[in-house]
Amino acid sequence: MKAEQLDRFMTGNELAAEAAKAIQFHFMGYYPITPSTEIAQIIDRMKAKGEVSTVLLPADGEHGAAGACFGATTGGARVLNATSANGFLYSLEQLPVQAGSRLPMVLNLVTRSVSGPLDIRCDHSDLMYALQTGWIILMASTPQAVYDMNIMAVKLGEHPEVRLPVMVVSDGFFTSHQRQSAKIFKDAKVVQDFIGERKDTFSTLNPRQPVTVGPYMNDPDLINNKFQLHQAHEAAAQVYKQIAAEFEDLSGRSYPALETYQMEDATAALFLLNSAAETSKDVIDQARVDGKKVGVLRPNLLRPFPAEDLKVATQKVSSVLIGERSDTPGSAGGPLSHEVRATLLADPSCKVITLSRIYGLGGKDFREEGAALFIEEALSAIASPRSVPSFGFLGTEAGSKKNLPPQVLPPLSREEMSQGLTQVEVVKSEGKNSPLKVTVADPSLLVARPKRIAPGHGACPGCGIFSGLDQFFKGIEGDVVVLYHTGCAMVVTTDYPFSAHRVTYLHNLFQNGAPTLSGLVEVFYEKKRRGEIAIGEDITFVMITGDGGMDIGMGPTIGTALRNHKMIILEYDNQGYMNTGGQLSYTTPFGKETVTSHIGKTSFGKSFHHKDTVAIMAATGISYVFTAIESYGTDLVAKAAKAQWYAKNEGLVFGKILISCPLNWASEEKYGQEILQKAADSCFFPLYEVEHGLTRLSYDPEKEGRKIPLKAWLEMMGKSKHLLKPEYSEALEAFQQEVDRRWSRLKARSEHPLL
């Protein structure tokens, strides 16, 4: 019986959240990545309003999010996750564990191009890695399908003959951010009744029935586990058809395992996934008007692959063109091309000509003219098979030297960068642990050092990243090589084919910057030892991180610190994940409002205190760590000079600078420097350094008579001033107490040589 439904005009991500609201998942582990993060943001907003009770866990990376989801499912919870691209790959090793353990959950994979180079738009390169994970894969071609398939996924994965995790795959931006008319069930009970109660054969939360999950399993047992996994997928193919029929009765919407469009008498067909297939339908209709017998094949169920349905659908077809938003380099076709061809060749009577075309990589639009070209190629292959190549790309352009961008600014000379504007002296008379003495030139002379970052970047108005970095680099003499973590500083300075960097620049994956730069550092010194680089050559290696890079990158950074490579890591702290849309970071202050820590009936903002990355790095025992703000005289310049000396002579250095971010703070641009100073005056962001384990305050607002209560800083930012309201007085008091506690501990360390 068809249930009552409401009309909505929503995006795919919004409808994924609407489905989650109706389902009422117990738990969602997530990590922000474009374009999937909106799902978590919307659910967090729903929770703040009291519309869902789902526990949302903001992990320190996608690998951790996947692990949290795995743990939750062992307790019999209904679990949700959402990710994209490199985040999906970072969690990849967890996914076969989930399937092999037969633990159902739902993952929304919002497809995006896998780095490198970094590209945030849609293709299916991430999806292709999913094919071997053992998960069921549903393909949502429209925002409506995203809603429907999230509901169907729960029922399918939890079916006693299946018991497998399920992915719902939608196209990033094309579907996730595209707003379309859709229908949602008016009464959530309709959804609850459809999916039924979750029934588990075991739970790790029942001490009276202890179980072992994830045992060591060698031959001869593992092959049996994989055979059972295979059987589960075979069962899923049949169960899916039953569930799809039930859902059609409930909603009026049909999702066959393989959708066939205009295929009744087609002689040529396009095999396409998701939104591209929808684009092609209008072109197919026009081709039919022109007398061309063509159709479209689009799977709603990709795992298990609808092989038998494909064989039936192509019995009268002479050619099939398989379009893919992913390539397998060196293989003359993407993964789906080989799968479709293998299926057709398994039928002895099959005479179908197959063509493989790669299109739309990195989000390149697939428009009607592309579909029309595919149709013409498929028809031409019937008339003249040898005249049409079996494999090719759509929409590529051959590069040439004439297309290379001009060098806008000349390279920086060694003389320009080595002007002796900072001088570092070792005061031997004060013992091994004595602080370095730094002499900094007058600020009027510091401006003579050329900027290592050109002004042609795309940062937001009022962003303090580059003024802060410029001040830091004023203290660095000589040549530098920089590596930037993924983040605002990286994204707004390297929009291909141009770069705002006047020095050698590297980028690698979000979490892996520190090991990447450490490898280059070690090669530099080894090449100098071998004489392959002149002895006089000198380079300072600096990694710039921020926007949560010291969340997902903390583990690799600690490993780099323990190995003590000769390099500097500088964290700019804007207190959020700004490059992905303002989600909470572990450095986000307590109580602050972000798009994943909303204010509402059940939430007052971020629920836990900010992470002290400087204390963590100091605990690794490296020679020098420091904090600084741009607005406090030449303190940052002097600390940069110290950092360079230690990096060249002893090993790793870690520094953290607080920078203004009007977008994240909801503050006026003109108050940026004042807000930074008040962060130091309130002791939220104390200025200090640790040299050889000895802590020294760079600025003591109590001694200077400038210490202010925390609220004097919070009231300047729209995202935190709600804490001054009477209803949040307990949260404000807790925040003030934590800041006071950390300040007292820091002062104690500065006053005692053993602390």
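Contact here means heavy atoms within 4.5 Å, and helices (H or I, at least four residues) and strands (E, at least two) are DSSP runs numbered from the N terminus. This is a predicted model: local features need pLDDT of at least 70, side-chain atom pairs count only at pLDDT 80 or more, and totals for chains, interfaces and linings use all residues. Residues are numbered from 1 along each chain as its sequence is written, and side-chain values use heavy atoms, leaving out hydrogens and water.

**View 1. Helix 1 meets helix 7.** From helix 1, Gly12, Leu15, Ala16, Glu18, Ala19 and Ile23 touch Pro143, Gln144, Val146, Tyr147, Asn150, Ile151 and Val154 of helix 7. Sorted by type, that contact has nine nonpolar residues, three polar and one charged (Ala, Val, Leu, Ile, Met, Phe, Trp, Tyr, Cys and Pro count as nonpolar; Asp, Glu, Lys and Arg as charged; the others, Gly among them, as polar).

**View 2. Both faces of strand 26 are covered.** Strand 26 spans residues 688–691, with Tyr688 and Val690 on one side and Glu689 and Glu691 on the other, all of them buried (under 20% relative accessible area, with a 1.4 Å probe and protein chains only).

**View 3. Strand 26 pairs with strand 24 and with strand 27.** Pairing takes at least two DSSP bridges between two strands. Strand 24 (residues 624–629) runs antiparallel to strand 26, joined by three bridges, and tyrosine 624 has glutamate 691 as its bridge partner. Strand 27 (residues 694–697) is also antiparallel to strand 26, over four bridges; here glutamate 691 sits opposite leucine 694.

**View 4. The hairpin of strand 26 and strand 27.** Two residues lie between the strands, and histidine 692 takes a positive phi near 50°.

Note on methods:
Buried means under 20% relative accessible area, exposed over 50%, partly exposed in between (1.4 Å probe, protein chains only).
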